[in-house]
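Q: I am new to this structure and would like to learn how to read its features one by one. Could we look at it together?

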Amino acid sequence: MRSALMLCLAATAPMGASKNLRSSMPEVTPEKQDFTPLPFRPLQGPPNAGSFTTTTTQYVAAVAQHESLGSSSSDGWESVVDMNVNEYRNIAAAASAEGAQIIVFPEWGLFGTDGAVKSRNTIEPFCETISDQAASDSTTTVGKLSTLAAKYGVVVVANVCEKVETESAVYLYNTEIALSEKGELLAKYHKEHPWYTDTFDTPTKEEIVTFTTSFGVRFGLFICYDIVHSTPINDLLAEGVTQFPYSVSFPVDSLEKVGFQAWSKHTKATLLASNLGGSGSGIFQKGDVIAAVGRTGAKFAIGPVVIDGWM
């Protein structure tokens, strides 16, 4: 499974990016398809120690199929963010109307079409400090996404860039955020294995990031290229996390078959994959395709994810 993904990456890697296919990483320290929903029975709370229930529950997930809009060089970075957030809003509205409780958006979906991620200078304007306060500020990217989540009553998982400033340096992180259906910041995760290492900084410590939604499901976060590495995935699986929103930018039309589906079968987990571009997004559970966009031109895929027992 790892080798299949690596071959896909190698075959489609942009010129000059091959150096990022690293065989080893620095040591880190762990610190639309229509569907008929099944009856939804939310989890009531955590089980007592040592107990287990076979009650079946489910949630409804959507994954966006989005091609980023605009050019920061000609439109300006703020206009690029706004036009893509507006498209996110349209997708979230449609998915929410079909019952989605969580929606995932792709990696780099807010940054335009002119390769802003390839340079530190061009990505930095898109980067901002991320905090609970930022989620309540409608002028920030996170604040705009927070407003979207609250308006349509859906959990939003999206990819942004965070800037962290210290006395000695400025760090730029490829970052995943999760926002509740009330617009609250639930979690953020800094990508451990950036594709463009000259653009994005690598966290000094492994981040094991999870969040639990109001509908009682615990999710774990990782981003794109992380999927071919053992961290943080193995540590998330070791904690019993099996539900993964996944923002990705892989330019491989058939990746949902050769990669995502195989990964979900191998790990016995659920992957809610939102791929940047025209295809590849889908919901994959234990090797089954719950829903997938394919090459239909649909803006999202949506489907019910069934969970047996406490996860």
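Q: Which hand does the link of Cys-127 and Cys-161 have, and what is the angle about the S-S bond?
A: Before the answer, please keep in mind that this is a predicted model. The angle about the S-S bond is 80°, and the link of Cys-127 and Cys-161 is right-handed. The disulfide that joins Cys-127 to Cys-161 has an S to S distance of 2.0 Å, and a search of the whole structure finds one disulfide.

Q: Which parts of the chain does the pair of Cys-127 and Cys-161 tie together?
A: Cys-127 lies in the loop between H4 and helix H5 (132-135), whereas Cys-161 belongs to strand E4 (residues 155-165), so the pair ties together parts that are 34 residues apart in sequence.

Q: Are Cys-127 and Cys-161 buried or exposed?
A: Cys-127 and Cys-161 are both buried.

Q: How should I read two helices that pack, and what are the values for helix H3 and helix H6?
A: Two packed helices are described by the angle between their axes and by the distance between those axes. In this model, helix H3 (residues 77-97) and helix H6 (residues 141-152) pack at an angle of about 20°, and their axes are 10 Å apart. Angles under 35 degrees count as roughly parallel, and H3 and H6 are therefore roughly parallel to each other. Their crossing is right-handed.

Q: Which residues in H3 meet residues in H6?
A: On the side of H3 the residues are Val-81, Asp-82, Val-85, Tyr-88, Arg-89, Ala-92, Ala-93 and Ser-96, and they meet Thr-141, Lys-144, Leu-145, Leu-148 and Tyr-152 on the side of H6.

Q: Where is Asn-84, and what does Asn-84 touch?
A: Asn-84 is a residue of helix H3, and with a relative accessible area of 0% it is buried. Leaving aside residues up to four places away in sequence, Asn-84 touches His-66, Glu-67, Ser-68, Leu-69, Gly-109, Leu-110 and Gly-112. For one of these residues, Ser-68, there is also a separation between C-alpha atoms: Asn-84 and Ser-68 are 16 residues apart along the chain, and their C-alpha atoms are separated by 6.5 Å.

Q: Is Ser-146 buried or exposed, and what is the relative accessible area of Thr-147?
A: Ser-146 has its place in helix H6, and at 6% relative accessibility it counts as buried. Thr-147 also has its place in helix H6, but Thr-147 is partly exposed, with a relative accessible area of 44%. When residues up to four places away in sequence are not counted, Ser-146 touches Ala-135, Leu-179 and Gly-183. As for Thr-147, the distance to Glu-181 is 9.4 Å from C-alpha to C-alpha, and these two residues are 34 residues apart in sequence.

Q: How do I read a pair of aromatic rings, and what is the arrangement of Tyr-246 and Phe-260?
A: A pair of aromatic rings is described by the distance of the centres and the angle of the planes. The count of aromatic pairs in this model comes to 16. In the pair of Tyr-246 and Phe-260 the ring centres are 5.7 Å apart and the planes stand at 90°, so the pair is edge-to-face. Tyr-246 is in strand E11 (residues 243-248) and Phe-260 is in helix H8 (residues 255-267), so that this pair, 14 residues apart, links distant parts of the chain. Both Tyr-246 and Phe-260 are buried.

Q: Which residues form the aromatic cluster with Tyr-246 and Phe-260?
A: One aromatic cluster is formed by Phe-222, Phe-244, Tyr-246, Phe-260, Trp-263 and Phe-284.

Q: What can the backbone tell us, and what are the phi values of Trp-108 and Cys-224?
A: Most residues other than glycine have a negative phi, and most peptide bonds are trans. Phi of Trp-108 is near 65°, a positive value in a residue other than glycine, and phi of Cys-224, likewise positive in a residue other than glycine, is near 35°. Trp-108 lies in the loop between strand E3 (102-104) and helix H4 (120-123), and at 11% relative accessibility it counts as buried. Cys-224 lies in the loop between E10 and H7, and it is buried, with a relative accessible area of 4%.

Q: Which residues does a cis peptide bond join?
A: A cis peptide bond, with omega about 0°, joins Thr-231 and Pro-232. Pro-232 is found in the loop between strand E10 (222-223) and helix H7 (233-238).

How values were computed
Residues numbered from 1 in each chain as written. Predicted model: local features only at pLDDT ≥ 70, side-chain atom pairs only at ≥ 80, totals over all residues. Heavy atoms only, no water. Phe/Tyr/Trp six-rings, centres within 6.5 Å; stacked < 30°, edge-to-face > 60°. Helix = DSSP H or I, 4+ residues; strand = E, 2+ residues; numbered from the N terminus. Buried < 20%, exposed > 50% of the residue type's maximum accessible area, 1.4 Å probe, protein only. Disulfide = S-S within 2.5 Å. Axes fitted to C-alpha atoms, helices over the stretch in contact; angles between N-to-C directions. Parallel < 35°, antiparallel > 145°, perpendicular 65-115°, else oblique. Left-handed = near helix turned anticlockwise from the far one by under 90°. Contact = heavy atoms within 4.5 Å.
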